[in-house]
Amino acid sequence: MESNMASLPTNRNKGTLYVVSTPIGNLEDITLRALRILKEVDLIAVEDTRRTLLLLKHFGIQTPLTSYFEGNEEKKKEYLLGRLVEGERVALVSDAGTPGISDPGYRLITLAIKNEIPVIPIPGPSAAITALSVSGLPTDAFLFKGFLPNKTKKRRDLLKQLEEVKETLVFYESPHRLAETLKDIFEVLGDREIVFTRELTKMYEEVLRGKVSEVLNQIKERRLKGEITLVVSGKPRKRID
Ligand code: SAM
């Protein structure tokens, strides 16, 4: 196996954007390479300063931070591009998991690519892959849809479009919309197999497997908190015996 253990490039004419994955909960899930890159870069662009500061403090990293989130990304991405063009090394870190996967990171990544700035992945956890890995549903092919729309009509319309998809489906969901979403999945896609995952890698990690109706039944009396990823089986294939 080849590994890229060399120090960061010394050619300061061109900067580099490192897309650094961070834990989705358990801090032990950070990679050695991510720690080294976060220590060595000139600047870390972060979605949630408070959350990333906790991570950096835990590992004794003192690299300067700047915020980059949904509300300021238009202005901020030009500023970050400026620093990259000047030859600086910038790490992009999201709230948790892999930057760019259902979070604002991808716009900065696109801008860097357009400006011929090298973009280097520092892989690590992502909630979608983590949930899939323990789902027990087929993982050879899957469709990741990120967050379903907030509005019922739009959500149902989107689910309707997914009715014929045979691949396993993966969604991010928020606790306050969960029951509604499960009902919509039940009504539009039918009583499929579903895997409900909550707070993966954290203290209150929970995985429920069963039919949509069974999972709905199990959660209906509960006031759920935390971060949720749903994995739903694709359209059942007809058996040919
Ligand atoms: N870029 C991130 C990634 O690669 O995982 C995802 C960002 S998205 C804004 C955040 C959503 O991911 C949460 O609302 C939740 O649906 C899901 N998520 C994050 N952490 C999770 C966890 N520990 N367990 C289950 N789902 C999680």
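Biologist: Before we start, where do the domain bounds come from?
Modeller: The domain bounds come from an automatic or database domain assignment, and please keep in mind that this is a predicted model.

Biologist: Okay, so where does the ligand lie relative to domain 1 and domain 2?
Modeller: The ligand lies between them, because domain 1 (16–122) and domain 2 (127–232) both give residues to the shell around it.

Biologist: Which residues come nearest?
Modeller: There are 18 residues around the ligand, and of these Ile101, Ser126, Ala127, Ile228 and Thr229 come nearest.

Biologist: And what classes make up that shell?
Modeller: The shell around the ligand is made up of 8 nonpolar, 5 polar and 5 charged residues.

Biologist: Which strands each supply at least two residues of it?
Modeller: Strand S7, spanning 168–173, and strand S10, spanning 228–232, each supply at least two residues of the shell.

Biologist: What about the side chain of aspartate 103, how far is it from a nitrogen atom of the ligand?
Modeller: An N or O atom in the aspartate 103 side chain is 2.8 Å from a nitrogen atom of the ligand, while a polar side-chain atom of serine 126 lies 2.7 Å from a ligand oxygen atom. For glutamate 173, a polar backbone atom is 3.4 Å from an oxygen atom of the ligand.

Biologist: How much of the ligand's accessible area does the protein cover?
Modeller: On its own the ligand has 580 Å² of accessible area, and the protein covers 91% of that.

Key:
Residues are numbered from 1 along each chain as its sequence is written. This is a predicted model: local features need pLDDT of at least 70, side-chain atom pairs count only at pLDDT 80 or more; totals for chains, interfaces and linings use all residues. Side-chain values use heavy atoms; hydrogens and water are left out. A residue is near a molecule or strand if one of its heavy atoms lies within 4 Å of it. A polar contact is a pair of N or O atoms within 3.5 Å; within protein, one must be able to donate a hydrogen and the other to accept it, and residues adjacent in sequence count only if both atoms are side-chain atoms. Accessible areas come from the Shrake-Rupley method with a 1.4 Å probe; for residues, only the protein chains shown count as cover. Helices (H or I, at least four residues) and strands (E, at least two) are DSSP runs, numbered from the N terminus. Ala, Val, Leu, Ile, Met, Phe, Trp, Tyr, Cys and Pro count as nonpolar, Asp, Glu, Lys and Arg as charged, and the others, Gly among them, as polar.
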